[in-house]
Amino acid sequence: MAGDFITKHAKRKNTIINATSLLLVVVLLLVVIIILLVLNVSGFNMMNGIAGMMGAGMFSSMMNGGSGGYAGMMGGTGGSVLNTRINISTAEADTNKLPSYAHAYPDNNTVLFTSSNITLVILAMGAQRAINLTRAQPPLYDSNSSGNAFVIYGLIDPTLIIPRDAIVHVEFINLDSSEYHNVIMTATGPPYQYMPMSAMNGIVSMMPIIPHANYSGGSASEYNYTTAFANTGTYWYICMYPGHAQMGMYGKIIVE
Ligand SMILES: [Cu+2]
């Protein structure tokens, strides 16, 4: 009888200790979560943090498999590099350096490429900044001044005409002062949802979402990759950051 009592008492004491340590763990976890939230709110934009994680972690490692490149997996030529020390004024000047094999037609917002080896400089920024920089007009679907845009050889979200099987060296530079961007190429056209996952159907090339430029330091993030279109037809270049393609951050590619 006495033994039974001692065992019961010990068990009860154990339960109390277990409950106390569980409570301690929960409180500790809550404190950590609160600290993380406070850091997020004061330190940096939470969406950017999540998109950055999606970009650098999910897209890069899952899709690109490190340095091999998604284009390589898909039969393109692959290879990708992230450079975070591109000078902002150099990048702005690059958009007006039209290569000899590229012809820009502002009247119908089109850039025609006539080479089988193409360098495609793509800048990302706010739509109003794109207008100020190029003095060109965005397409109607991207004319909301609070939206975002691509600038390619002095035009805003132009239609690109590219020969089939041409090797396309994409030099993507994020010139935005506050938003993350990327550029992917896909056979799926608009409309796009807030999370533009439909673009994964017919995907041609993929890259991480990269950080905005640092204007006080004068530098921007650049990401280079190489791709190719094996079939003629209509494709699209779009930004995968949540909401951007939905608001018009995309353009058409005609492969012929
Ligand atoms: Cu974007």
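**View 1. The loop residue Y153 and its surroundings.** In this predicted model, Y153 is placed in the loop that runs between strand 5 and strand 6. Its phi is near 45 degrees, a positive value in a residue that is not a glycine. Y153 is buried, because 22 other C-beta atoms lie within 10 Å of its own, and the cut-off for a buried residue is 20 or more such atoms.

**View 2. The whole chain, as a setting for the close-ups.** The secondary structure of the protein chain comes to five helices and 13 strands, and 35% of its 256 residues count as buried. Among contacts between residues at least 6 apart in sequence, 71% join residues at least 24 apart. The mean pLDDT of the chain is 79, with 68% of the residues reaching 70 or more. Over residues 30-78 the pLDDT stays under 50, and for this stretch the model has 61 contacts beyond four places in sequence.

View 3. Seven strands, in the order 2-3-7-13-12-9-10, form an open sheet with mixed pairing. Strand 2 (102-105) and strand 10 (203-205) are the edge strands, each of them pairing on one side only. On average, and with direction ignored, neighbouring strands of this sheet are turned by 25 degrees against each other. Within the sheet, strand 7 (residues 159-162) and strand 13 (residues 250-255) run parallel and are joined by three bridges; I162 has V255 in strand 13 as its bridge partner.

**View 4. Strand 4 between its two partners.** Strands of a sheet pair through backbone hydrogen bonds, either parallel or antiparallel. Strand 4 (residues 117-126) is mostly covered, seven of its 10 residues being buried. Eight bridges join strand 4 to strand 8 (residues 167-174), and these two strands run parallel; here L123 stands opposite I173 in strand 8. Strand 4 is also joined by five bridges to strand 5 (residues 148-152), which runs antiparallel to it, and in that pairing the bridge partner of G126 is N148 of strand 5.

**View 5. The largest nonpolar core.** Which residues touch the most other members of the largest nonpolar core? Of its 56 residues, they are I122, L123, F150, V183 and I238. Strand 4 supplies the largest share of this core, with seven residues. Leaving aside residues up to four places away in sequence, V183 touches I122, F150, V170, F172, M207, Y237 and C239.

**View 6. Helix 5 and the strands that cover it.** In helix 5 (residues 127-134), the residues A127, A130 and T134 are buried. Seen down the helix axis, the buried residues fall within an arc of 55 degrees, so they line one face of helix 5. The elements that cover these buried residues include strand 4, strand 5 and strand 6 (155-156). Helix 5 is followed by R135, whose phi is positive, near 60 degrees.

**View 7. N109, a loop residue with a positive phi.** N109 is found in the loop between strand 2 and strand 3 (110-113). Although N109 is not a glycine, it has a positive phi of about 50 degrees. Is N109 buried, exposed or partly exposed? It counts as partly exposed, because it has 19 C-beta neighbours inside 10 Å, whereas a buried residue needs 20 or more.

**View 8. The cis peptide bond at P190 and P191.** P190 and P191 are joined by a cis peptide bond, with omega at about 5 degrees. P191 has its place in the loop between strand 9 (184-186) and strand 10.

**View 9. R85 in strand 1.** R85 belongs to strand 1 (residues 80-87). R85 is exposed, because 11 other C-beta atoms lie within 10 Å, and a residue counts as exposed if there are 12 or fewer. R85 and A213 are 128 residues apart along the chain, and their C-alpha atoms are separated by 9.5 Å.

Methods:
Residues numbered from 1 in each chain as written. Predicted model: local features only at pLDDT ≥ 70, side-chain atom pairs only at ≥ 80, totals over all residues. Pairing = 2+ DSSP bridges. Helix = DSSP H or I, 4+ residues; strand = E, 2+ residues; numbered from the N terminus. Axes fitted to C-alpha atoms, helices over the stretch in contact; angles between N-to-C directions. Core = buried A, V, L, I, M, F, W, Y, C linked by C-beta atoms within 7 Å. Contact = placed C-beta atoms within 7 Å. pLDDT = per-residue confidence, 0-100. Arc of directions from axis to C-beta.
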